[in-house]
Structures are given as C-alpha cells and as structure tokens.
Amino acid sequence: MKLSSLDRYKIDRLDDEIFYQHPRYVHHLSDVFRTRLTKLYTDYLFNHQVILDLMSSWVSHLPLNIRYKKVIGHGMNQSELIANKRLDTFWVQNLNKTQIMPIDDSSADIGLIVAGWQYLQYPEKVSLELSRV
C-alpha cells in the first residue's frame, strides 16, 4: 500500500522540533499497556542483544532486571534521553526530516518503535533504514 500526500499530512503543521524543544516527562502509554509491553520485552528480548530504541524518551519500558549488551536510543529531546537510564548511548534526530540513521549496517539486533509509528510521515523509509541497521 502506498501512502498518499493526504496520508502523510500532519494536523499540526509546525516543525516537530518546536514541540520537542522542551522535555515532557509524561507517560504516553497507560499503566496496563506499559506492564504488558515490559512483559513482552522480557519474553522476546535477550541480554546478548543490541537493542535500538527508536522514538524513545525518558523511559524505554525495558525490564529493569535484564542488562542488554547495549541499548541505543533515539528521540527528539536530549534532556529526556539523558534521563533514560536504560540507554547506553543515544542521538537526537527528526525522522520526519531525515530518515537515514547515523548507525552502522547490521549494528543492532532488535529495533523497537512503541508509540511512534503514527507520527512518522515516511514510515516506509524508516522501515527500510531500520532493516539496514
């Protein structure tokens, strides 16, 4: 299925970087969903893996009792990413402007996007880039 210009239209036409200029230390998911998501990660992610947490913030929903090989974070607000203690490293990038990620080919075992797909204007390009990484 190909997305049309209308499919890519954002209600808020302002640059995303304006919205994310200030940190927002809020939960974007319900308590119940966060608990289910952490359980899912516990069942399917393993400690020997490099995890890429795209469109992250001050929390990653990864189980606290598992130390992964490496957790690489991406988001739109540096202060939020600094506050995320699960991230070993991170970078800030607007994926609606630039979909190419500053990560080497085949450098992550798992790529996570939890509540971000609906904000992407070019999800097919992000998916292809995620496949490369």
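Tyr68 is buried, with a relative accessible area of 2%, where buried means under 20% relative accessible area, exposed over 50% and partly exposed in between, for a 1.4 Å probe and protein chains only. The model is a predicted one, in which local features need pLDDT of at least 70 and side-chain atom pairs count only at pLDDT 80 or more, whereas totals for chains, interfaces and linings use all residues. Residues are numbered from 1 along each chain as its sequence is written, and side-chain values use heavy atoms, with hydrogens and water left out.

**Tyr68 and its surroundings**

Tyr68 belongs to the loop between β1 and β2; helices (H or I, at least four residues) and strands (E, at least two) are DSSP runs numbered from the N terminus. Not counting residues up to four places away in sequence, Tyr68 touches Tyr41, Leu45, Phe46, Asn47, Gln49, Ile51, Leu62, Pro63 and Arg86, a contact being heavy atoms within 4.5 Å. The C-alpha atom of Tyr68 is separated by 10.0 Å from that of Leu87, which is 19 residues away along the chain.

Strand β1 (residues 50–54) is largely enclosed by the rest of the structure, because 5 of its 5 residues are buried. Val50, Leu52 and Leu54 point one way from β1, while Ile51 and Asp53 point the other way. The pairings below are given under the rule that two strands pair if DSSP finds at least two bridges between them.

| Strands | Sense | Bridges |
|---|---|---|
| β1 and β2 | parallel | 4 bridges |
| β1 and β4 (residues 110–113) | parallel | 4 bridges |
| β2 (residues 70–75) and β3 (residues 89–92) | parallel | 4 bridges |

Individual positions can be followed across these pairings. Asp53 has Gly73 as its bridge partner in β2, and Leu54 stands opposite Ile113 in β4. Together with helix α3 (residues 78–83), β2 and β3 make a right-handed β-α-β unit; a crossover is right-handed if, with the strands pointing away from the viewer, the path from the first strand over the helix to the second runs clockwise.

**Nonpolar cores**

A nonpolar core is a set of buried Ala, Val, Leu, Ile, Met, Phe, Trp, Tyr and Cys residues joined through side-chain atoms within 4.5 Å. The largest one has 13 residues, of which Leu52, Trp91 and Met101 touch the most other members. Strand β1 gives the most to this core, with 3 residues. A second, separate core of 12 residues includes Leu45, Val71, Leu87 and Leu112.

Met101 is in contact with Leu52, Leu54, Trp91, Gln93, Leu95, Val126, Glu129, Leu130, Arg132 and Val133, when residues up to four places away in sequence are not counted. Leaving aside neighbours within four places in sequence, Ile100 is in contact with Gln93 and Glu129. Between Ile100 and Val133 the C-alpha to C-alpha distance is 9.9 Å, although 33 residues separate them in sequence.

**Aromatic rings**

Rings of Phe, Tyr and Trp (its six-membered ring) pair if their centres lie within 6.5 Å, with planes under 30 degrees apart counted as stacked, over 60 as edge-to-face and the rest as tilted. By this rule the count comes to 1 aromatic pair. Its members are Tyr25 and Trp58, in an edge-to-face arrangement with 6.1 Å from centre to centre and 80 degrees between the planes. The pair links distant parts of the chain, 33 residues apart, with Tyr25 in the loop between α1 (16–19) and α2 (31–44) and Trp58 in the loop between β1 and β2. Tyr25 counts as partly exposed at 43% relative accessibility, and Trp58 also counts as partly exposed, at 23%.

Elsewhere, the charged end of Lys125 sits over the ring of Tyr122, 5.0 Å from its centre; this description requires NZ of Lys or CZ of Arg within 6 Å of the ring centre and within 35 degrees of the ring normal.

Most residues other than glycine have a negative phi. Met55, which is not a glycine, has a positive phi of about 55 degrees, and His61, likewise not a glycine, has a positive phi of about 65 degrees. Met55 lies in the loop between β1 and β2 and is partly exposed, with a relative accessible area of 28%. His61 has its place in the loop between β1 and β2, but counts as buried at 17% relative accessibility.
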